[in-house]
Amino acid sequence: MLGSVNSKARPYSAQHHQQPLCTRKHQIGALLLVATTVFFTKLLDRSSLPCSFTPADPVTASRSSVHVTNGGDLLWPHRGYGPVVDLKIYVYDEREIDGLKALMSGRDGAIDSTSCLKGQWGTQVKIHRLLQESRFRTRKKEEADLFFVPAYAKCVRMMGGLNDKEINQTYVKVLSQMPYFRRSGGRDHIFVFPSGAGAHLFRSWAKFINRSIILTPEGDRTDKKDTSAFNTWKDIIIPGNVDDGMTTNGATLVRPLPLSKRKYLANYLGRAQGKAGRLKLIELSKKFPAKLESPELKFSGPDKLGKIDYFEHLRNAKFCLAPRGESSWTLRFYESFFVECVPVILSDEVELPFQNVVDYTQISIKWPSTRIGPELLQYLESISDEIIEGMISRGRQVRCLWAYASESASCSAMHAILWELQIKVRLFHQSTETFWLHDGSIVNRDWVKFSDWRPPMPLP
């Protein structure tokens, strides 16, 4: 009789629970309450996002690469770096460390930093100057997250200010005077090595700064050394130093040509240097002179190729070929973005900057260096102008990342470097020569507190 309408179960239930019937009005009210709750929850979540990361549209939030808004501002992806830069960097002064001045202006102090701004090694000066003026600079070592060690060693060496032996000895001398370097084993110290030689410019790098953060455009040097000085997980690849006349806003040295007015399919502008890939391109240009331009360049003497002449040649092709030279990286890759030709990388071991946020498949081509030949030109010829224009357009949006501009610019190489540096910050610092006690004090092997460490200090 449980299913009978005359069952006593019903009056029992009504007597003890007295629940009102659930009408349609109740159901609609419940749905409205749920919808309102969800709406305000999402509204509060959105308002709590840092103002420096505000997606412009729903698609933006799902992107993991940098992109430009309709207003021309570059937006950084949350996934790639984070919502905000929060760094404190101490920049060593040449007067506080004996030997730093020699690494910046030579043994006699005769080399002017302005003369070191030119060429591929100019980044070591630019990064130093930008950090000196940065809002992220601190003058208190005790509150610093990272420490920047300025040195223009490549320039000083090229201009005869120091030889290789002197550079090595001076670096060691400088490091022995830095208690904070010893505290962390160099893990929180930043060095710039701006040329193809990378950190090998400091011959004893592997012994003294193998744990430090190295900023360099060079990710491979195994053709001349047994090991590469670049470590994917601690070091940062930086862009090469493109001439300021091409990267600054406003009038530039040379403006890009429309695709329809470009004479060549591709070009290679550079010396052979006895490198297999470059020699193949020069031979290929002789077989297909109407498609591939590869003139014999002279960088000295009366027939020296001028700066403007160089960029006018570079802009006259749809594709700019960038083969390996003395090392895996080439400045031509970065220059191609400013004359708006699609860079074709012909260097298998190359490392590219800011891979957290830049998708290079959208703005460049990488072709096996072992397959340089007619098939390369055939492949490039098969790409429509529409696709080329799309790649150039996307490259135009991110090329600001190759320009060493001030922090007032909405996008620059320095902005991206700061994001990369923030990833390297550690809360805790240790090395084989640091020890800590129950009260939190840091001491050395002789129980001397960190605050009392005095140079010169023994190095590993």
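## How to read the model

Because this is a predicted model, local features need pLDDT of at least 70 and side-chain atom pairs count only at pLDDT 80 or more, while totals for chains, interfaces and linings use all residues. Residues are numbered from 1 along each chain as its sequence is written, and side-chain values use heavy atoms, with hydrogens and water left out.

## Overall fold

Let's start with the whole chain. The protein chain holds 16 helices and 15 strands; these are DSSP runs numbered from the N terminus, with helices being H or I of at least four residues and strands being E of at least two. Of its 460 residues, 48% are buried, where buried means under 20% relative accessible area, exposed means over 50%, and partly exposed lies in between (1.4 Å probe, protein chains only).

## Where to be careful

The predictor's confidence in each residue is pLDDT, on a scale from 0 to 100. Its mean over the protein chain is 84, and 83% of the residues reach 70 or more.

Two stretches deserve a second look. Over residues 1-20, pLDDT stays under 50, and the model has three contacts beyond four places in sequence for them. Residues 42-62 also stay under 50, with 13 contacts beyond four places in sequence.

## Three disulfides

A disulfide is a covalent bond between the sulfur atoms of two cysteines, and here the term is applied to a pair of cysteine sulfur atoms within 2.5 Å. The structure holds three of them. With the bonded cysteines numbered in sequence order, the pairing is 1-2, 3-4, 5-6.

C116 and C155 are joined with an S to S distance of 2.0 Å, and the link is left-handed at -75° about the S-S bond. C116 sits in the loop between α4 (100-105) and α5 (123-132), whereas C155 belongs to helix α6 (residues 153-158), 39 residues apart. C116 counts as buried because its relative accessibility is 0%, and C155 is buried too, with a relative accessible area of 0%.

C320 and C341 have their sulfur atoms 1.8 Å apart, in a left-handed link with -110° about the S-S bond. C400 and C411 are joined at 2.0 Å, and their link is right-handed, with 85° about the S-S bond. Both lie in the loop between α15 (385-398) and α16 (413-424), eleven residues apart. C400 counts as partly exposed because its relative accessibility is 21%, whereas C411 is buried at 8%.

## The largest pocket

The largest pocket has a volume of about 1,600 Å³. Of the 43 residues that line this pocket, the closest to its centre are G119, Q120, W121, R271 and L331. Helices α6, α10 (244-247), α12 (307-314) and α13 each supply at least two residues of the lining.

A pocket is an open set of points, on a 1 Å grid over the protein atoms alone, where a 1.4 Å probe fits, with protein on both sides within 12 Å along at least five of seven lines; lining residues have an atom within 4 Å of a point. Grid points are joined across faces, edges and corners, and the volume is the space filled by probe spheres set on the points.

Conventions
Contact means heavy atoms within 4.5 Å.
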